[in-house]
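Morning, everyone. Please bring up the model on your screens, and we'll walk through it together.

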Amino acid sequence: MGFRYFLWFLLFCMLLGGQVKGVLGLGVNWGTRLTHPVPPKIVVRLLKDNGFDKVKLFEADPGALQALGRSGIEVMLGIPNEFLAPLASSVRVAEDWVDKNVSNYISKYGTNISYVAVGNEPFLKTYKDKFLQTTFPALKNVQAALIKAGLGRQVKVTVPLNADVYQTDTDLPSGGDFRSDIRTLMISMIKFLSDSGSALAINIYPFLSLYADPHFPKDYAFFNGNSTPIVDGSISYTNVFDANYDTLIAALEKNGFASMPVIIGEVGWPTDGDINANIEYAKRFNQGLLDRIIKGQGTPKRRTPPDIYLFGLIDEDAKSVDPGNFERHWGIFYYDGTIKYALDLGNGRGLVAAKGVKYLAREWCVMSPQANLLDPNLTNSVNYACTYADCTSLGYGTTCGTLDARSNASYAFNMYYQTLDQRKDACKFNNLSTITKLDPSQGTCRFEIMIDLGTHQLPPSRSSSLAVGSNQNSLLLALLIGLITLITYV
């Protein structure tokens, strides 16, 4: 009898085998503003290999939504702010959007869309009330459209908000309340979300506290710092994340929503584009965050951690840099899915890089050895290259901030050359440039080679890919049948 129980245990382990266990409640933001995106199927494999069970998309990208189909990954699907006005104007517009971007992918591809995120930080102060009149009506119309589509229970709605929607007049978390200019709107919207069984999504960025204020105590931005704690009654806050989050909780409690579920829609640390955006700080912050999630550690006012979406998965070289050059460097992976820095995901697991990415030829466009730094065309050529390519790794405190003048020009020329898919005419800067086969990368500065989009766009060999999957599944099935048969006769 004991041997039979052992066989049943072995069968149970086989059924569970091969599944990568993620950090409980951990999601990630998948931004798609890249000139050379990693193919969606490879990204989904990357998500699964690293145990992410939730992902947030900022827009209804067809390739991403199809690739996520039947992946087992929950999807929070975003709606950009520019769609808020039309969605607010008519329920019919919302119904069409839901039909095309939600119902279609759930029914046709089996995509597990669990949330629709209406807008992205629409009440941000810098938007100057641009979306105040349209966000809540759009939210209600999308919810009505989901109900009409029969998805009201399966798919919830939320609005990812910046942490500037709440504040404290006492400089302590316990004094938290919603901004006076939007307080009535916030209370109405939170009541709607609560009545709908949805959660409130908030984006918290300790990095931005450091970026905005050079006198901000640096250690207070991290979970393992030695900064002087902020004492709020019987609670001592040792990091800004806890203090910020509990300021929100105090605001919710003050307005009658003490048990309102909260999702952290974005939190992370960039690795380039600013002196405080570097790999050392990003690793320190994100590892500290992961350690808390693994331990199930919340904040002083809410002991259980909320669902958290790291920001972000992959660097985005075409993202707007209006907030700062760091905006293109939030990924825990580089643009191609390679690992930036090690992270302990628990149970002895570390990050796994993307598999199957194909690149352009190993060649770079650099400043010609014969070119003169005093050439009158040099400045305009560099400016032109950086206008149409990503040069945010150049500058004070960046990964390429120590390059000399010649290498600076080479970096700009190469980024333009790679962005234009290594076209031969893309390395012609008034006779100042040349193509080299020698990697000009130096120190922390990476001279990139872009992903070969043409190769990835070729149709896959269905027979070979199906054969591999079929053989693996057949082998597993044969083993299971054999084991069950053995159990039957023991």
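Let's start with a term: a disulfide here is a pair of cysteine sulfur atoms within 2.5 Å. Keep in mind that this is a predicted model, where local features need pLDDT of at least 70, side-chain atom pairs count only at pLDDT 80 or more, and totals for chains, interfaces and linings use all residues. Residues are numbered from 1 along each chain as its sequence is written, and side-chain values use heavy atoms, with hydrogens and water left out.

How many disulfides does a search of the whole structure find? The search finds 3. One of them joins C365 to C427, with 2.0 Å from S to S. The link of C365 and C427 is right-handed, with 85 degrees about the S-S bond. C365 sits in strand β16 (residues 364-367) and C427 in the loop between α12 (405-419) and β17 (433-436), so the pair ties together parts 62 residues apart in sequence. Those labels come from DSSP runs, numbered from the N terminus: helices are H or I with at least four residues, strands are E with at least two.

Now the sheet. Two strands pair if DSSP finds at least two bridges between them.

Zoom in on one pair. Strand β3 (residues 74-79) runs parallel to strand β4 (residues 113-118), over 5 bridges. V75 has I113 in β4 as its bridge partner.

Next, what packs on the sheet? Contact means heavy atoms within 4.5 Å. Axes are lines fitted to C-alpha atoms, for helices over the stretch in contact, and angles run from 0 to 180 degrees between N-to-C directions.

Last, a helix pair. The axes of α5 (residues 91-109) and α6 (residues 135-148) come within 8 Å and cross at roughly 60 degrees. The two are therefore oblique to each other. For the cut-offs, under 35 degrees is roughly parallel, over 145 roughly antiparallel, 65 to 115 roughly perpendicular, and the rest oblique. In α5, V91, A94, E95, V98 and V102 meet N141, V142, A145, L146 and K148 of α6.
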